[in-house]
Amino acid sequence: MDKQRYDQRVRVFVEVRGGEADRELAGERFAAHGWPVREAAPAGEGPLGEAVEARPDSRVYEIEVRLPGIAKGAGLGAARRVAKALWAPRVEGYVRRADVLHRDREMPSYWRAVDTRSRPRPAGAGPGRLLYREGLALGLADGRTLVHAEGRQALRLARAGLGAGALVTGVQSLSARLRPGARGHQGDRAAS
């Protein structure tokens, strides 16, 4: 199966009943759909413990189902996909629990570390500012460092480990070229 783009990850606990052949078939179905098996334990043990009745012919699998869409219906969607995948080859399997795994949604910007000592003062309009902006665009004031963080943290990361005589005195957002008049953080006093 092709690599499919996914937005949501759901941890699903599946009880598979039957013999060794059924368990192998279930494992093949999970692999065919690209669902990694995180853990497999006899029923009555493992992550669900005694919540699942202990049976000699049953095993509980913890798998990670990846699917596109929004988080609101991801648990039910994953449970139905697993049930359908096991229903086709007639494997006796039951979804016992599905937990949507929430991931960190932080999306910081990319920043370029720059030397702002040659920045024209005051930072008003004029030929000095235009020349300075063109120099930034061409990379003439570029410290050759790229930082991926939120604004104030980006400045601290750009200056980290460079010492007092560092040429890095500011950061410029890489998306600044897309928005006319956008500026990066220059000489953040709180981070100094």
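Arg96 and Glu15 form a salt bridge in which the closest N and O atoms are 2.9 Å apart; the term denotes a side-chain nitrogen of Lys or Arg within 4 Å of a carboxyl oxygen of Asp or Glu. This pair links distant parts of the chain, with Arg96 in strand S4 and Glu15 in strand S1, 81 residues apart. The model is predicted: local features need pLDDT of at least 70, side-chain atom pairs count only at pLDDT 80 or more, and totals for chains, interfaces and linings use all residues. Residues are numbered from 1 along each chain as its sequence is written, and side-chain values use heavy atoms, leaving out hydrogens and water.

By this rule there are 10 salt bridges, including those tabulated here.

| Salt bridge | N to O distance |
|---|---|
| Arg96 and Glu15 | 2.9 Å |
| Arg11 and Asp99 | 3.2 Å |
| Arg66 and Glu64 | 2.8 Å |

Salt bridges with shared partners join Arg9, Arg38, Glu64 and Arg66 into one network. Strands are DSSP runs (E, at least two residues), numbered from the N terminus; Glu64 lies in strand S3, residues 58–67. Its relative accessibility is 5%, so Glu64 counts as buried (buried is under 20% relative accessible area, exposed over 50%, partly exposed in between, with a 1.4 Å probe and protein chains only). Arg66 is partly exposed at 28%. Glu64 touches Arg9, Val10, Trp35, Pro36, Arg38 and Leu101, not counting residues up to four places away in sequence, where contact means heavy atoms within 4.5 Å.

Glu15 is buried at 2%, whereas Arg96 is partly exposed at 40%.

Terms used:
Helices (H or I, at least four residues) and strands (E, at least two) are DSSP runs, numbered from the N terminus.
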